[in-house]
Amino acid sequence: MQIQMNVPQILQNPELPNGCEITSLCEVLNYLGYHAEKCDLADHYLPRSETWWGADPDWVYMGDPHRNDGSPQEGYYCFAGPIVEAAERWLAAHGASGAYTPTDITGAEEAELIARLAAGQPFIFWASLHFEDIGYDPCGSFPLPGGGEHRVFKGLHCMVCCGVDDECFTIADPLDFNRRVPRETFMKIYRQLGSRAVVLIPQA
């Protein structure tokens, strides 16, 4: 088995040092033939909070992805929900809302991920820098607006998976750290982050 899609690698730096999620969406949109721009996506379509502390990453990006300065406005991360919303907003604004359905496929296991690739659907996923074991930030945790607490991850990273063979997944990494990742390592770290993924599904 060998599947490979030519997803363009778009680097998040220098403009978006903490913008791996929205840059990954930009990679997928460009692969699909759209002329999306990472900073435009980050500034006009990505739901964001003013500060990172206290923000729910399932609903908004935490802070400002342009900033990596230790301030309360520094960018941290988001999960699938804000990326789905950003994709929906961008497609609608560009007259393409009926072409693709941005879909949160969190919980998808290896067979489904490979099936997505086989169907020509690169997917955005959450893992870690260099696929190291997931850790937590020493800042601890904070209460969420809707109740509960969020324990802040350390070293989280978001990328696009654009291929697979019998041994490895192929990655379009906005930081250019990862190109081919052994499937066992990929699945281990992907699961540690809650098996989070987003795909843009073409509509008939």
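Which residues does Gln121 touch, not counting residues up to four places away in sequence? Select Gln121 and then Met5, Arg116, Val199, Leu200, Ile201 and Pro202, which are the residues in contact with Gln121. Contact here means heavy atoms within 4.5 Å.

Before going on, note that this is a predicted model, in which local features need pLDDT of at least 70, side-chain atom pairs count only at pLDDT 80 or more, and totals for chains, interfaces and linings use all residues. Residues are numbered from 1 along each chain as its sequence is written, and side-chain values use heavy atoms, with hydrogens and water left out.

**Stop 1: Gln121**

Keep Gln121 selected. The residue lies in the loop between α4 (110–118) and β3. Helices (H or I, at least four residues) and strands (E, at least two) are DSSP runs, numbered from the N terminus. Gln121 has 9% relative accessibility and therefore counts as buried. Buried means under 20% relative accessible area, exposed over 50%, and partly exposed in between (1.4 Å probe, protein chains only).

**Stop 2: helix α1**

Select residues 20–31, which form helix α1. The expected span of a helix is 1.5 Å times one less than its number of residues. For the 12 residues of α1 this gives 16 Å, and the end C-alpha atoms are 16 Å apart, which agrees.

Is α1 enclosed or open? Of its 12 residues, 10 are buried, so the helix is largely enclosed by the rest of the structure. Among the buried residues are Cys20, Ile22, Leu25 and Val28. Now show what covers them: the list includes α2 (38–44), α3 (80–93), β3 (123–128), β6 (156–165), β7 (168–172) and β9 (197–202). After α1 comes Gly33, whose phi is positive, near 100°.

**Stop 3: aromatic rings**

A search of the whole structure finds 18 aromatic pairs. Rings of Phe, Tyr and Trp (its six-membered ring) pair if their centres lie within 6.5 Å; planes under 30 degrees apart count as stacked, over 60 as edge-to-face and the rest as tilted. Select Phe125 and Phe131: the ring centres are 6.2 Å apart and the planes are at 35°, so this pair is tilted. Phe125 is buried, at 0% relative accessibility, and Phe131 is also buried, at 8%.

Next select Trp52, Trp53, Tyr76, Tyr77, Phe79, Tyr136, Phe142 and Phe153, which ring pairs link into a cluster.

**Stop 4: salt bridges**

A salt bridge is a side-chain nitrogen of Lys or Arg within 4 Å of a carboxyl oxygen of Asp or Glu. The count comes to 11 salt bridges.

Select Arg48. Its side chain meets Asp43 in a salt bridge (3.2 Å, N to O), and Asp64 in another (3.3 Å, N to O). Asp64 and Arg48 are 16 residues apart, in the loop between α2 and α3. Arg48 is partly exposed at 31%, while Asp64 is buried at 16%.

Finally, select Glu109 and Arg191, which form a salt bridge with the closest N and O atoms 2.6 Å apart. Glu109 lies in the loop between β2 (100–104) and α4, and Arg191 in helix α5 (residues 183–192), so the pair ties together parts that are 82 residues apart in sequence. Glu109 is partly exposed, with a relative accessible area of 36%, and Arg191 is partly exposed at 42%.
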